[in-house]
Amino acid sequence: MTANPDVPLDLLWKEYSQGFRDFDDLTLARWLAQTLGQLKGRAWRLSHPLLGAYRLAAQLAHERQTWLKRLVAIPPAYSESACCRAPMLPLLTRDVHEAGLICQHCSETLVPFDDIPAKLRHNLKDWATRYAPVHAVAHWDDRQRKAAGDYDHAYERAAEEAEGLLAQAGRQLAPRLLEFYAAAVWEDQDECLEVRNEDVTL
Ligand SMILES: [Zn+2]
């Protein structure tokens, strides 16, 4: 989650994060713990403003090793993550089969795919397996594009299918993460297929 100076949006988020840089360690830790309490029990869109704010604060806390310092207790509903000792807040992405569930604090793998509880893992694998060829349309080479005939049409259709698959993640899969984790986040966009947050309707 480090800002790329060539990407204007990254610079904007860096500017947003200044709001948290004025917090001292204890204030930051308390804000995170309190906000986790409010995130509890729901599956959140990655694009939700509250989640955006949480991620900025979490990133800063990771830099400052706030959770390692044990300034506040982890809210009781949350387990401690193995990757960075922060409370477990998993992000579901289309790459779940390769990357597992992603930590919202350190951006590393929070739960490797094979460690996801079995009854959920099968559904996630099925979903990711259907998503992969749809997403791949955005990365077709010239030969594949020519073979498709009308590439714009193929791309458009893939984007529509991705909208449906992302909505399924938000409606069915992410809520099931709540059987195992106190709160969850799901990626509600596909930048390669130009599917925006607002295109994914539940
Ligand atoms: Zn982590």
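**Figure 1. Burial of R94 and E187 in the predicted model.** In this predicted model, R94 and E187 are both buried. Their side chains form a salt bridge, with an N to O distance of 3.9 Å. The pair links distant parts of the chain: R94 belongs to the loop between β2 and α4 (96–99), and E187 to the segment after β5 (184–186), 93 residues apart.

**Figure 2. The salt bridge of R94 with D190.** The closest N and O atoms of R94 and D190 are 3.9 Å apart. Because R94 lies in the loop between β2 and α4 and D190 in the segment after β5, this pair ties together parts that are 96 residues apart in sequence. R94 and D190 are both buried. Through salt bridges with shared partners, R94, E187, D190 and E191 are joined into one network.

**Figure 3. The salt bridge between K69 and D25.** The side chains of K69 and D25 meet at 2.8 Å, N to O. K69 is placed in the loop between α3 (49–64) and β2 (90–92) and D25 in helix α2 (residues 25–39), so the contact ties together parts 44 residues apart in sequence. K69 counts as partly exposed, at 42% relative accessibility. D25 also counts as partly exposed, at 24% relative accessibility.

**Figure 4. Context of the close-up views within the protein chain.** The protein chain comprises 7 helices and 5 strands, in the order α-α-β-α-β-α-β-β-α-α-α-β from the N terminus. Across the whole structure, 14 salt bridges are found. Of the 202 residues of the protein chain, 42% count as buried.

Conventions:
Residues numbered from 1 in each chain as written. Predicted model: local features only at pLDDT ≥ 70, side-chain atom pairs only at ≥ 80, totals over all residues. Heavy atoms only, no water. Helix = DSSP H or I, 4+ residues; strand = E, 2+ residues; numbered from the N terminus. Buried < 20%, exposed > 50% of the residue type's maximum accessible area, 1.4 Å probe, protein only. Salt bridge = Lys/Arg side-chain N within 4 Å of Asp/Glu carboxyl O.
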